[in-house]
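Please keep the 3D view open as you read.

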Amino acid sequence: MKRASFVGILTTTTFYILCGCLGYAAFGNDAPGNFLTGFGFYEPFVLVDLANVCIAIHLIGAYQVFCQPIFSFVESRCHGRWPDSKFITSEHAINIPFYGVYYLNLFRLVWRTSYVIVTAVLAMLLPFFNDFLALLGAISFWPLTVYFPIEMYMARSKMPKYSFTWTSLKMLSWACLVISLVSAAGSIEGLIRALKTYKPFKAQQ
C-alpha cells in the first residue's frame, strides 16, 4: 500500500506540476481549464475520448473516497436518532452469484443515490465548474491530504517533538497550508471573474 500510494502521488504530482507550470508559462492567465479541448480543437478524437475516459475513472474513484466521510456521518446520525426505523436499520440479504451474500440497506441506497444525483445536477448547472472545483480542491487539499495524515503518523509513531523528522513534517504541513490558501484565493478570484462575465443562455440568444 505504501508503494502504491507513493507511485500514485508521484505520478499525479508530476502531471499536475507539468500542466500547471508549462500551461502558465505558455498561456499565462489565459490557460484553458481543459488543455485538450480548450483551444477549440477536438482532434484527434481518439486522444480526447481516451483522456475523457481516464478523467471519468479518476473522478469516480476520487468521488467515492471523498464522499465516504459524508455518507458515514449522515448514516451514523440517522441510525442514532431513529434506531427503531426499519427503513434505516434493516439489512436485506441478497445472494449474488460468484460474489456471495450482499446486505442491502434501503436507506443507504436512497440516500447515497439522491446525494449523487443532486451533486451531479449542481455540477451541470454551474457554468464555472472548473473554478468551483478548484476551490473545493484547494480547501480539502491541506486537511485531508497533508495535515491529518501527518498528525496521525506522528501520533502513531510517537515521534519526539522538535526532532529533525518532526520539524521537517511540520514545515511541510505549513508550506502546503500556504499553497492551499494561495490556491483558494486564486480560485475565488476566478469565480468572481466568471460571475462578472457570465451570461445566461437566454441572454446569449
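Helices (H or I, at least four residues) and strands (E, at least two) are DSSP runs, numbered from the N terminus. Axes are lines fitted to C-alpha atoms, for helices over the stretch in contact, and angles run from 0 to 180 degrees between N-to-C directions.

This is a predicted model, in which local features need pLDDT of at least 70 and side-chain atom pairs count only at pLDDT 80 or more, while totals for chains, interfaces and linings use all residues. Residues are numbered from 1 along each chain as its sequence is written, and side-chain values use heavy atoms, leaving out hydrogens and water.

The protein has seven helices and two strands, in the order α-α-α-β-β-α-α-α-α from the N terminus. Its radius of gyration (taken over C-alpha atoms) is 22 Å, well over the 17 Å from the globule rule (2.2 Å times the number of residues to the power 0.38) for 205 residues, so the protein is more spread out than a compact globule. The C-alpha trace spans about 60 × 60 × 35 Å along its principal axes.

| Helix pair | Angle | Axes |
|---|---|---|
| H2 (residues 45–81) and H4 (residues 106–125) | about 130° | 11 Å apart |
| H5 (residues 129–157) and H6 (residues 164–197) | roughly 170° | within 7 Å |

The angle makes H2 oblique to H4, and H5 is roughly antiparallel to H6. For these words, angles under 35 degrees count as roughly parallel, over 145 as roughly antiparallel, 65 to 115 as roughly perpendicular and the rest as oblique.

Where do H2 and H4 meet? Contact means heavy atoms within 4.5 Å; residues of H2 including Tyr63, Phe71 and Cys78 meet residues of H4, among them Phe107, Trp111 and Thr119.

An unreviewed UniProt entry lists residues 47–67 and 109–126 among its "transmembrane region" stretches, and such annotations may be inferred rather than shown by experiment. Residues 47–67 are 100% helix, with end C-alpha atoms 30 Å apart; residues 109–126 are 94% helix, with ends 26 Å apart.
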